[in-house]
Amino acid sequence: MTRQKRSHHKLKRAVAPYLYLSPSLVIISLLMLLPMVTVIGYSFQNSAVLRRDPSFAGLKHYQAIFNDPVFWASLWHTLYFTCMSVIFHMTIGMIFALMLNSDRINPMLRNILRVLYILPWLFTAVIIAVIWRLLLEPNGVVNSMLLQLGIIGSKVEWFSSPETALHAVTFANIWAGYPLFMVSLLAGLQGIPKDFYEAADIDGAKAYQKLIFITIPQLMPIIISISLLDFIWTMQVFPLIWITTGGGPIYSTEVLSTYTYKLAFSSYNLSQASASAVVILLISLGLTLFYIRYQKAR
Amino acid sequence: MRKRHTPKDRLITVALHVALAAGLFFAAFPIYWMLSSSFKSNTEIFALPPTILPKAFTLEAYAAILGDPVKLRFFFNSYFVAGTVTVLTVLIALLAAYGFSRFNFRGKGSLNTLIISTQTIPPITLLIPFFGLVVSYGIFDTYLALILTYLVFTLPYAILLMTGYLNTLPRDLDEAVAVDGGTSWTALWRVVVPISLPGIVATSVYTFLLCWNEFLFALTLTKSTSMRTVPIGIQLLMGQHAFEWNQMMAMSVLGSLPLLFIYLVAQRYFLAGMTAGSVK
């Protein structure tokens, strides 16, 4: 190769990665970063989107949101919904993974059950919402089973009474989301070296001691990173609540996303909705930074 | 060796199987109920006591869905949008992943962090500016609006997934092309693409499912019935007919078929796609 040709080749090598990345970067900048800047801009304008020359509003919309008791209620419901979901996703996922991993069951049964236990994961949020509405209808099958067993005395309106609605949507979400933990923990369990358990057997360790001192510490990285991701994603819940309760009755299941959506598309207060959307973004960003730090630390 | 025949041991095995059965009921009963309700008449769904198997098995709900051009259009829209976005995402993500996996360049680390963090941006935050943009560019209620918005949500994870896959492939092969005087572009298409099919399949599966399930943007950025996708169609069905539960269940079953099909046929890719981001 001549020197000129070689330097030409080098230049190509240096430019190439940027060319390969350019379509992605253009899309992400125009359709993700720019809108993020736009929504922050909207939150400081009066009548954003609706008027061509919106005036500057300062922090007015943020004040309006922080003075709105429904916003705080939504924040609280989001936290309750998210924390309960993550805790139970993890617990149920762990129990199912441990059961499936046990050598007391026949491998064929194990494979069948593994497929069946993953089932809830294969359904769209909207479909999950519709299924649970059918199950939890006042005249539905759950009420009829619980009455039969004597657990409840009269038909419960799970989604339409303010006392039970939030628990009911949380339960539906717990059902829908545990398989991610189960699948990941099952993969993790199979990766724990067998000699750890053999050594423990020699020392005469009991089953629960092996669980606490070997299994759980070995699975900790998976538990933490999936919990964080699950937390971030569950906080963004929208369709499940929109279809089951729509945030009602009387705001009892209002979460941040339905609160924001209603501000924007029912009251057409897009400026205030933008302020709320920015608050949600900041919460998410905080959690994401935490997640990235954790991933890098590993 | 473990002793297996003590009564205590047998008791544990029995208890485990009881727990497995309870778990099975918890996991599968709601889905079984959807399926069996879709084959019942609307009055039988609320029969007391509930009928576990449909007493009068009927396909009327399916006939009602499949005989209605409005509902078939929901399915067409979902398949069309999800299919188009999948092709575009895989192509664009493949290029980006090739850049990340085979080159060292300034800003690589921070770009990678940027892409990881965009994954967690709440959709509701982007919804309002997207709505503003879509209206001002006159593409409200079009396929283009959905395709562009879905693209931006599928792309980050698709890039990470493809990069992860390409990193597992040996570099010698594509370097051999460079030695022969070929460009990185020829190496990509001649060598890398043919051996990355498993990665491409996993990425496609993931992208397709994400689009198929999307609700918020389809709800907000489309308006006419002919532009609605399956999830919105199910919601509309709920409002329109005063609770034709058997039709709603039939439509839910039909709307779940692509996911079930992909899961059963390509379980490995499905799981790879759904968990690659979280387990490393």
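**View 1. Burial and overall form of chain A.** Buried residues account for 41% of the 298 residues in chain A; a residue is called buried if 20 or more other C-beta atoms lie within 10 Å of its own, exposed if 12 or fewer, and partly exposed in between, with C-beta atoms placed from the backbone. This is a predicted model, in which local features need pLDDT of at least 70 and side-chain atom pairs count only at pLDDT 80 or more, while totals for chains, interfaces and linings use all residues. Chain A has 12 helices and zero strands; helices (H or I, at least four residues) and strands (E, at least two) are DSSP runs numbered from the N terminus. Its C-alpha trace spans about 80 × 70 × 30 Å along the principal axes. The radius of gyration of chain A is 25 Å, whereas a compact globule of 298 residues would have one near 19 Å; this radius is taken over C-alpha atoms, and the globule rule is 2.2 Å times the number of residues to the power 0.38.

**View 2. A:Val37 in helix H1 of chain A.** You will find A:Val37 in helix H1 of chain A. A:Val37 is exposed, because 10 other C-beta atoms lie within 10 Å.

**View 3. Chain B on its own.** Chain B comes to 14 helices and zero strands. Its radius of gyration is 24 Å, well over the 19 Å from the globule rule for 280 residues, so chain B is more spread out than a compact globule. The C-alpha atoms of chain B fill a box of roughly 75 × 70 × 35 Å, taken along the principal axes. Buried residues make up 45% of its 280 residues.

**View 4. Where chain A meets chain B.** The contact draws 66 residues from chain A and 67 residues from chain B; two residues are in contact if their C-beta atoms, placed from the backbone, lie within 7 Å. On the chain A side, helix H1 (residues 3-42) gives the most, with 15 residues. That side has 51 nonpolar, 14 polar and one charged residues. Here Ala, Val, Leu, Ile, Met, Phe, Trp, Tyr, Cys and Pro count as nonpolar, Asp, Glu, Lys and Arg as charged, and the others, Gly among them, as polar.

**View 5. H5(A) against H13(B).** Helix H5 (residues 125-135) of chain A packs with helix H13 (residues 245-265) of chain B at an angle of about 150°, their axes 10 Å apart. The two are therefore roughly antiparallel, a word used for angles over 145 degrees, with under 35 being roughly parallel, 65 to 115 roughly perpendicular and the rest oblique. Axes are lines fitted to C-alpha atoms, for helices over the stretch in contact, and angles run from 0 to 180 degrees between N-to-C directions. From H5(A), A:Ile127, A:Val130, A:Ile131 and A:Leu134 take part, meeting residues of H13(B) that include B:Trp245 and B:Met248. This contact has seven nonpolar, three polar and no charged residues.

**View 6. H12(A) against H6(B).** Helix H12 (residues 270-297) of chain A and helix H6 (residues 123-136) of chain B cross at roughly 150°, and their axes come within 8 Å. B:Ile124, B:Thr125 and B:Ile128 of H6(B) meet residues of H12(A), among them A:Leu270 and A:Ala273. The contact divides into seven nonpolar, two polar and no charged residues.

Technical notes: Residues numbered from 1 in each chain as written. Chains lettered and ligands numbered in written order.
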